[in-house]
Amino acid sequence: MRHVSPLPAWSAIRNVLTRDTLVLLYLAVVLTEALIYSLPLLDPGTLTAFGASPFQIPFVTTAALAGFYGLGRVQGEEERIFWRNLAYACVFWLATLVAIALVPAAHWRWADDVWVDAAYLLFYAPILFAAECKPHLADIGPKRRVERQLRWAGVTVLVFGWFMYFVVAPAIAEPSLLGTPLPSSLLFVTVDAAIVIRFSWRAASSGSTRWRVLYGTIALAGVALLLTDALDALEGLRWYALPDGAKTDLLWAIAPFFLLLAFRLREADLPRAVDAATAERAARSGLDPVRVGSFLVGSAFSFPLVHFVVHTWLPFGERLLACQRIIVAVELVVLGALAVAAFVYLERERMEAERRRTALEERLQRARALEAVSRMAGVVADEYYATLRSVGAFVDHAIDGLGAGDPLRDDAVRAAEQVQHATEFANDLKAISRQDRGRPVSLELGEAISDMMPDLRHALGSMVLLENVPAPEPCVTVIDPVHLRVMLLDLATNARDAMPNGGRCRLETCVVELDADSALEIAARPGRYAKVTVRDSGSGIPKEVLPHLFEPFFSTKRDADGSSGLGLATLYALVSQYGGGIIVTSEPGDTAFQILLPAAP
């Protein structure tokens, strides 16, 4: 199949501008409305009313349609959230324009200005939410989604605070200002500036040609909004006023055009490769409490900055000044508290993630070591086992040839016992090498453990009280009964050695559901698991021993001949063979080995 390389950025933009149906339709509508303003088709009063809201409705409608068209084909959850927010922003913008058009100019009140400003913030808020998404990164992960939600909470508090500062405070302190476009335009200019800053930063730091183009296009939409709202602010200050019903109304078509262009470029064949520095930074980045806290603190300090600029250049009354100071103080406290809470929460999550990562690296190293040993053990076990069979045959032949009173017969019998011991060791080596796959069958653990109780009592000795607590529901897994017996007898022997003066050993079975985080703890897959817990009241396992517990030939006790044996490596190998895992918790008087095996369907 022939590979088609992505188009250069300017070629892709040119193709969208000259060939895309929605873009061409938009430009045709602009041309039509330009003709309406150029030709004397409407009287000046009608033209002025037309420019107030109906003029923009076709443009915003086209942008909204483009936002939702093809949204289902977007790959990646984070990118879908990004584009969905921008599409909903256009829907809220369109709904506000329609609502304005339905209210006759003669019936317009100052309260209508307040609800229109609030409605426009429903348009702005999703754009700011989109600015806090990171669709240019390949995989955000569940923890980074929490970071995004904290940023969204900060954006919500920020937008609400600006609404209170620029609209509610004048309505309370100086209601006469609501008869001018000044409060609304100052509010929108502030939000426009935030949009331009955030998307420009995203474009500069994305490291991808595709996202530089997309983020940059949305930033240009913010610039267009900033321009038109700044003109309204100048009119509110009576410094400059554009004529009503003039061709300059076409300026309000620029912002939806850039949003439309961003939606259509979404599907363009732009280069998606991310530069090496950005890719490396994204790969290393995890939860960053400082970054989120800094964003929230920066949002908080935007209030005193805006307050300083507004009251330096604009002659507002003392009553309004006092009211806005209260709002600034409240926003500083609220956003500051949110920043502290976010930092504490994310720092705790980061430390927990770091702990899990370290534990996973240790398990990975242990698994690699066990894999290396298992390969060697497989070769050794085959040679060792074959030799032992030959030696065992010679010893058995010698015993058969020696009389009952022959003094060499006792030596031969002891030699046969040592051969048997060595054969068992060879079988353990086979288990570690995973050559012994056994004969797995569907097994109900509660019943199987009940059948093994006499052997377990014998292994524990008379000084240890053994209890069996089977699960109330069937606890079924697929395992070789011989392997299950080896596991439990191994743990029973360890429990007996930990309680030389007697104690209690308790076996419990149950079915558990492991989510992604819990499964990561044992390097297994999420799902249902049959769990067997062997709990004893012994002296416990020292903390420095726990990381080495399943290493081959590691043991804190020695056999009579001074060797340490395979320790719990056999147990670890058998459980891993069935796709399960082991969780060990220990403190004086309570040590628990939790064996988790995939539950049978």
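Please keep in mind that the model is predicted.

Let's begin with the chain as a whole. The chain has 601 residues, and 45% of them are buried. Its secondary structure comes to 18 helices and seven strands. Among the contacts with a separation of 6 or more, 78% are between residues 24 or more positions apart. The accessible surface of the chain is about 30500 Å², and carbon and sulfur atoms contribute 62% of it.

Five strands make up an open sheet in the order 2-4-5-7-6, with mixed pairing. At its edges stand strand 2 (464-469) and strand 6, and each has a single partner strand, so one side of each is left without a neighbour in the sheet. From one strand to the next, the twist averages 15°. Helix 15 (residues 445-460) packs on this sheet, where the helix touches strand 2, strand 4 (503-514) and strand 5. The direction of helix 15 makes about 180° with that of strand 2.

What holds such a sheet together? Strands of a sheet pair through backbone hydrogen bonds, in either a parallel or an antiparallel sense. Then look for Val 532, whose bridge partner in strand 7 is Ile 595, and for Asp 536, which has Thr 591 as its bridge partner in strand 7. Strand 5 is mostly covered, with eight of its ten residues buried.

Moving along the sheet brings us to strand 7 (residues 590-598). How many of the nine residues of strand 7 are buried? Seven of them are, so strand 7 is largely enclosed by the rest of the structure. One of the residue pairs to look for is Val 584 with its bridge partner Phe 593 in strand 7. Strand 6 and strand 7 form a hairpin with two residues between them. In that turn, Gly 589 has a positive phi of about 90°.

Next come the helices. Helix 16 (residues 481-498) has 18 residues and spans 26 Å from its first C-alpha to its last, close to the 26 Å expected at 1.5 Å a residue. At the start of helix 16, a side-chain oxygen of Asp 480 comes to within 2.9 Å of the backbone nitrogen of Val 482. Further along, the buried residues of helix 16 include Leu 484, Met 487, Leu 488, Leu 491 and Ala 495, and His 483 and Asp 490 are buried too.

Our last stop is Ser 184, which lies in helix 8 (residues 182-205). Is Ser 184 buried or exposed? Its relative accessible area is 15%, and the cut-off for buried is under 20%, so Ser 184 counts as buried. The side chain of Ser 184 also makes a polar contact with the side chain of Asp 117, at 2.6 Å.

Conventions
Residues numbered from 1 in each chain as written. Predicted model: local features only at pLDDT ≥ 70, side-chain atom pairs only at ≥ 80, totals over all residues. Heavy atoms only, no water. Helix = DSSP H or I, 4+ residues; strand = E, 2+ residues; numbered from the N terminus. Buried < 20%, exposed > 50% of the residue type's maximum accessible area, 1.4 Å probe, protein only. Polar contact = N/O pair within 3.5 Å; in protein donor to acceptor, adjacent residues only side chain to side chain. Expected span 1.5 Å × (residues − 1). Contact = heavy atoms within 4.5 Å. Areas by Shrake-Rupley, 256 points an atom, 1.4 Å probe, with all protein chains shown as cover. Pairing = 2+ DSSP bridges. Axes fitted to C-alpha atoms, helices over the stretch in contact; angles between N-to-C directions.
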